[in-house]
Amino acid sequence: MSPTLHDEIREVVKEYPEPRSAIIPALRLAQERHGGWLPDEAFRQVAEALDVTPAYCVSIASFYDMFHTEPVGRHLVEVCTNVSCAVSGAQRVVEAFERELGVHAGETTEDGNVTLRTVECLGGCGWATVVAVDNRHHLRVQAGDVGGIVKELGE
Amino acid sequence: MSDLVKLTIDDREVEVAKGTGLVETAAAAGIEIPVFCYEPRLGPAVGACRMCLVEVEGMPKLQAGCTLTAQDGMVVHTASTSARAAEGQKGTLEFILVNHPLDCPVCDKGGECPLQDLTFRYGPGSTRMTFPKLTFDKPIPVSPLIALDRERCILCYRCTRFSSDVAEDEQLIARNRGAYSMIATFGDEPYRAPFSGNVIELCPVGALTSTQYRFEARPWEIQDVPTVCGLCPAGCNIRATTREGLVKRVQSRNHPEVDGGWLCDKGRFTFPHLRSDDRVREPLVRGTVGLEPVSWDAALDRAEELLRGAQGKIVTALSGSETTEIAYGLGVLLRRGLGAHSAVLDESTSAALDACRAPLSTIGAAELVVVVGDDEVVDRAPIVDLWLRKARRAGAEIVTIGARGSVPAPVGGAAEALRDLAAADSELGGRLRASDRAILVWSGSGGGGGARLAEAAHALGFEGKPGCAVFHLPARANARGVAEAWAAAADADEADPEPIGLLVVSGDEAAGDPSVRALAERASTVIAITMFHSLAVGWADLVLPATASLEREGTAMNLEGRVQRLRRAVTPPVPDELAWLSKLAERFGVALSPHAAVVFEELSGRIYGGLLLEQLGEHAGLPARRPYEAPEPTPLAHSPEANVPEDHFVGTLRLLRYTPLFSGHQVERVPELQFQRPEREVALSTVDADRRGIATGDLVSLRSNGTSVELRARVDARLVEGVARLADEHAAHLHADVEVVKA
C-alpha cells in the first residue's frame, strides 16, 4: 500500500523545526497527488497534516507561480515573459503556442492535454526565451521551435 | 536620563524615550505623520501602504516613517517641510486611489474614513486616471457579519495581520500577490472566529463593513455613548453608536489595561437582542389563560401581595448580570424591607483576590501563566484569551491544567491542582514562586474558584510582586458586584427557608438556569424579572420586564475588581428596575432612590471604599491591592457541580458540559450570529474514540438514565481520557455518566 499524503507530509515535517515550516514541500506533494493542481480538498489535507488553517495554505499556494489553484492539463507549458525573455521575443513564442494549441495563455486545450501559461522569471535569463514543459526547461526557444515542442506533447 | 533620545522633526526638537516609534514621536511634537497600515497593536510595522514617507537626513531615499524608531540626533522632515516627502506622499496617495472607486457618498465609512480624511489633507484635488478602474463582485460575504467591497481595499494588510498575529485564527488571508492580491477566506467558508469583528474597525477604508451597520446611519447623525459591555466578566470598554433611539453598532473604546482595543464578536454583534420580538414590554400576571398584561399599578399591587404572602420565606435567584445598583436595590427591598436574606448566585467570586489584583494587561507582560479549570478561557472571558496569546507571542510559557490542558487533569480537578501548586514540592509551583511575572487564572465552574485562587496566590507569595496576579473568570458579568451589593444591603444571617413561599428570579441568566428552575419546583409562587417571554412562560405568577445592560445606568465590577460605569445608550421600552424597585420599597417602608447615581453613593461607602462616580471617568482605574484576608466560605457559593459522583461506571464516560461563548439568551436572538454557535458534536479523547471504533464525523449516540442524544463525534487529541465534552445546549437532560456508542 502506498503511503497516504498525510504520512508523506508528516515524514517531511520531521526535517523542519516546526510543522508549518514544511508548507512548501507539503503543498508540492499534495499537488502531485491531486493531478498537478490543488483543489480545496488538497488544502484541507495539508492543513490537517501541518496543524494550520486551510486559508493559510491558500495564502501560500496562491503566492507562488508553481502552485496551481485551478485544474491543469496533463502537460504544462510555461513561457517566461519576464524582462530578458520579453526582449528576446517571448511574446511571439506565446502567440505561436496559442496558434498551435488553439487556446489562450492561461487556458487548457479542450481535450485536457495541455495547459499554456505565461510565468515570471524561470531563472534562465542567459538563455532567453525559456519555456518550461512539465517543469523541464527548453532554452533559447524561438517561435519556430514551438511546432516541434507541441508535437512531442502528443494528443 | 540616558533612556531619552533627542531628535529634530520639522525643525522642532523632541525628546522621547529610546525605542519610541517615529509616528508617536512626531505626534508628541504635535506633528502628524499620516498612516494607513501602521497599527502598533498588530505587531511590528510592515510599511505596506507608504503613506508615512518622510525624509531623514543622511538617508538617500524617502523612508517609511512607521518602520523607524527615534534615534539620537536624527533629523526628520515630514511632508510639511520637505518637498520630496510631500511629493512622495502625494504620489503614494494617487497610487492608492488608482483603483479606489471614490464611492464615498454611498460608502458606510464615508465621514469617518482615514482614506477620505488623508486624501482631503494630502491628496491631489483631481485624478489623472483615465482608464477604467478594477471592479469586483460586491459585496462579498466574508461572513454573515462582515461584508467585503474588494474594490475599496487598499491592501494595507491590517485585517490579515489581525487574523494571523493577534487573534491567531488565520482565517482571513491575502490571496495571490502584488497587484492581484485580494483579501479572502478559504473558499466560500465564512470567517468564523471569536474576534472576527475587529477587522471592521481596523479597516482604514470602507472595504470591510459590518452587515448590521451597512446603510443604517451616517456619521453626522449618530451619537456614541461610552459604556461597558455586560456580556462577560471582562467588562470591555465599548462605544454604543445610536441613531434615533436605537443601538446601531458597538465598537471598542480601547481601555489599554482591560481590552487593548479589541472586542469579541459576542460583545460587538449581540445588541440586536434589544429589539427582539419576544421582549417583555409590560408586566404580566398569571391569569386563567396564561400570562396576561396588566398595568404597572396592578403589577406592583400583585408584587406586594406575593411578597407579603410569602411571610419572609423568600429566596432570591440573582443572575450576576445586574448592575451593582440593581442588586443593591433588590437587597434593600427584600432584605431590609422583608427580612428575606436568602439568595442564590451561580459562581460567586472572592474579595480575597484583591490582594493580588492587577490589570489584565499584566498578562501580556508575563513570563509564566498557569490556567487551571476545564473551560476554555475564550468561552468565559474572551478578551483574556487575546492577552494570553500576546503573552505567548512575547515568549511566555502558558501551562493549562484541565480536561483539555497541556497538563491533563481529571474533570473538576482545578481546586486540587491549585493545592498541588501551592505545595512546597511542586516544580511548577516553585517556578511560580520564583517568578516576578507569573499569572494564575481559574477558568472553570464550581469549587469556589475565586477563594481557592486567592489562597494559592497568597501561598505562592504573589502579593508583594506587582507583576504577579490572579484572575478568576466567573460565569456572570458582574458576579462580584452583585454578590457584594446583596451582602451589603443588610446585616443579617441567611437562613434557607423551607418551604419556599416565593422565589424572586432576577434576570435572564437566573431564569434560564436549570438549578433555579429546580428551586422553583419547590416554591409556591414565582416572580420573574426577565427580558424575554420565552423565559417567563410556564412558571411565573408575576413577570416584571427587565432591561439590558446597554439600557442601564450604573456600575459593575469586572473580574479584575475594577469598578466601571455603564451609561444608558438607549432608553429602554420599559421602566428600569430601580424605578419600580423604589416604588415597591416605599410600600414596605424602606427608602430606595430610583436614580442609579444616588444608589451608587449609598453603596459606594459600603463596598467600593467610598469611590465617587466622577472618579470612575471614561477609563476607570484599578484600585490598589488590599491586604490579604483569608477568604470565608461565601454564603452565595451554591455550586451546581457539587453533587457529581466521584467515580463512574465501567464503560461510561464522564459528561463535561461547557457553555460556549456564542450561546445564551442574547445570542439566540441575533440571526446573523447563529453561524458562530458550536457544531452539534461531542468531543472524545483519542483513546476513548479508538476503543469504540469512532472517528471524527461519525454519528454517535450518548445515553444516560433512559435519555439519549445523537450527534457527530470529534476526536480531540487534547482531551483527557474518560470524558465526553459537549456544549450545554446539546447536552439536553443527559446525566453525569454517559454511554457513547456509534449510531
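How many residue pairs are in polar contact between chain B and chain A? The count is five residue pairs, both residues at pLDDT 80 or more; a polar contact is a pair of N or O atoms within 3.5 Å, where within protein one must be able to donate a hydrogen and the other to accept it, and residues adjacent in sequence count only if both atoms are side-chain atoms. This is a predicted model, in which local features need pLDDT of at least 70, side-chain atom pairs count only at pLDDT 80 or more, and totals for chains, interfaces and linings use all residues. Residues are numbered from 1 along each chain as its sequence is written, chains are lettered from A and ligands numbered from 1 in the order in which they are written, and side-chain values use heavy atoms, with hydrogens and water left out.

**Confidence**

- Chain A has an average pLDDT of 94, and 98% of its residues score at least 70; pLDDT is the predictor's confidence in each residue, from 0 to 100.
- Helices (H or I, at least four residues) and strands (E, at least two) are DSSP runs, numbered from the N terminus.

**Domains**

- Chain A is divided into domain 1 (5-63) and domain 2 (75-154), with bounds from an automatic or database domain assignment.
- The C-alpha centres of these domains of chain A are 28 Å apart.
- In chain B the assignment gives domain 1 (4-96), domain 2 (130-275), domain 3 (284-345 + 479-616), domain 4 (351-472) and domain 5 (648-742).
- Taken over C-alpha atoms, the centres of domain 1 and domain 4 of chain B are separated by 41 Å.

**Interface of chains B and A**

- Contact (heavy atoms within 4.5 Å) joins eleven residues of chain B to 16 residues of chain A.
- The two chains bury about 1100 Å² between them, 54% of it on carbon and sulfur atoms; buried area is the accessible area (1.4 Å probe) that two parts lose on being put together, summed over both.
- In chain B, the residues that lose the most area to chain A are B:Glu170, B:Arg177 and B:Phe186, together 60% of what that side buries.

**Salt bridges**

- There are three salt bridges between chain B and chain A, each a side-chain nitrogen of Lys or Arg within 4 Å of a carboxyl oxygen of Asp or Glu.
- B:Glu170 forms a salt bridge with A:Arg20 (2.8 Å, N to O).
- Over all chains, the count is 59 salt bridges.
- Within chain B, B:Glu112 and B:Arg249 form a salt bridge (2.9 Å, N to O).
- This pair links distant parts of the chain, 137 residues apart: B:Glu112 is in the loop between helix H2 (83-96) and helix H3 (114-122) of chain B, and B:Arg249 is in strand S13 (residues 246-252) of chain B.
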